[in-house]
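Visitor: I would like to go through this structure one question at a time. Please show it first.

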Amino acid sequence: MPQVRYKIYSLSASALMAYAQGGAESGYAFTLNAIATEKCKVLSSLHEQQDCALLFQTMCVLRGDNYQLPMEDTLISDLSDVICYVDFSNIFDRNAAQNRHAVRQKKAESMFRPEGIVLDFGAGPCRYLAFERSNSMSRKAQISFVREDIYEPLRRRIMLDMKIGSCQLSKLYAYNGLMLSGGTRLDGIEIDRPHRVIVIDNEESSVWNVPVITVIDKFMPLFPAFWRQGPSQEKTRTFDQFKTLL
C-alpha cells in the first residue's frame with residue numbers, strides 16, 4: 001500500500017496568545033498575518049500527518065466525491081491551508097488560582113469561540129474554527145482547526161448528514177475522533193449494497209445482584225475510600241453488557 005501523508009502545520013497555542021487582542025470580559029480575538037502565523041509554528045514538528053478518514057473526506061470536499069488517493073508514496077500539500085493542529089499543552093492543566101495561568105486559560109478558551117481565529121498560511125488571511133481531535137491528540141492537548149468555508153460541509157460528511165439531538169457528548173466526540181485515527185482506506189467493499197449492514201435493536205435489560213463499587217470521600221478529600229455495595233440492580237443495554245461490572 002502506498003504511504004500517503006499530508007502537509008498539516010502544527011501551531012503552538014502559547015505562541016498564538018502573544019497576538020491576542022481585546023480583554024477577558026469581551027473575549028480575546030486572534031488575527032494573525034503571514035509573518036505572525038509563521039512564528040507560531042511548532043519548530044520541532046515535521047508538519048506532516050498520516051492518512052486518515054478525516055483528511056480523505058476533506059480532500060473530497062475540495063476535489064469532489066471522485067477523488068482518489070495517489071497510487072504511490074506522496075506528500076499531499078493541498079490541506080496545508082485548510083486544516084491545522086493547535087497544541088494547548090501546559091495551559092489547561094495549570095492552577096487557575098494563579099492569575100497568570102487564569103489569563104492564559106481565558107485566552108485559550110477564546111480560540112474556541114464561534115468567531116475562531118484568523119491565520120495566514122501564505123494564501124491570504126482565513127478564519128479557522130475548532131474542530132475534532134483523536135484520543136491521541138486529546139492526551140497531548142491538541143485539537144484540529146478547520147478553515148471556515150470547509151467546516152460545515154466537512155462536519156456534515158463525517159456525521160453522514162444526520163441531525164443528532166440529545167446524546168452523550170463523550171460518545172459523540174469519541175466517534176468523531178475516530179476519523180482522525182490513522183488507517184488504510186479500502187475501496188470496493190460496496191457497503192451500500194443490500195444486506196451488507198444489519199441494524200439490531202439495542203434492548204434494555206435489568207441485571208440483579210450486581211456488586212457495585214462506589215468512590216466516596218469518607219475521611220479526607222485527598223484520599224478517597226473505596227466501598228463495596230450490593231446487592232443491587234443494574235440497567236444495561238445489550239451492547240453495553242461487555243463492560244466490566246466490578
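Visitor: Is aspartate 161 buried, partly exposed or exposed, and what is its relative accessible area?

Guide: This is a predicted model, and the value is computed from it. Buried residues lie under 20% and exposed ones over 50%. Aspartate 161 falls in between and is partly exposed, with a relative accessible area of 48%.

Visitor: With which residue does aspartate 161 form a salt bridge?

Guide: The closest N and O atoms of the pair are 2.9 Å apart, and the cut-off for a salt bridge is 4 Å.

Visitor: How many residues apart are arginine 157 and aspartate 65?

Guide: Arginine 157 forms a salt bridge with aspartate 65, with 2.9 Å between the closest N and O atoms. Arginine 157 sits in helix H6, whereas aspartate 65 belongs to the loop between helix H3 (53-63) and strand S6 (74-76). The pair therefore links distant parts of the chain, the separation being 92 residues.

Visitor: What separates glutamate 152 and arginine 155 along helix H6?

Guide: The side chains of glutamate 152 and arginine 155 meet in a salt bridge, at 2.7 Å from N to O. Glutamate 152 is partly exposed at 34% relative accessibility, and arginine 155 is partly exposed at 30%. Because the two are three residues apart in helix H6, the separation is about one helical turn.

Visitor: How many salt bridges does the structure hold?

Guide: Some salt bridges are linked in a network, which joins Asp81, Arg147 and Asp149. Another is the pair of glutamate 152 and arginine 155. For the structure, the count of salt bridges is 10.

Visitor: In S10, what is the bridge partner of leucine 129?

Guide: Strand S9 (residues 126-130) and strand S10 (residues 142-147) run antiparallel and are joined by three bridges. Alanine 130 has phenylalanine 145 as its bridge partner in S10. For leucine 129, the partner in S10 is valine 146.

Visitor: Which residue takes a positive phi in the hairpin of S8 and S9?

Guide: S8 and S9 pair in the antiparallel sense over three bridges, and leucine 119 has cysteine 126 as its bridge partner in S9. Six residues lie between the strands of this hairpin. The positive phi, near 115°, belongs to glycine 122.

Notes:
Residues are numbered from 1 along each chain as its sequence is written. This is a predicted model: local features need pLDDT of at least 70, side-chain atom pairs count only at pLDDT 80 or more; totals for chains, interfaces and linings use all residues. Side-chain values use heavy atoms; hydrogens and water are left out. Two strands pair if DSSP finds at least two bridges between them. Helices (H or I, at least four residues) and strands (E, at least two) are DSSP runs, numbered from the N terminus. Buried means under 20% relative accessible area, exposed over 50%, partly exposed in between (1.4 Å probe, protein chains only).
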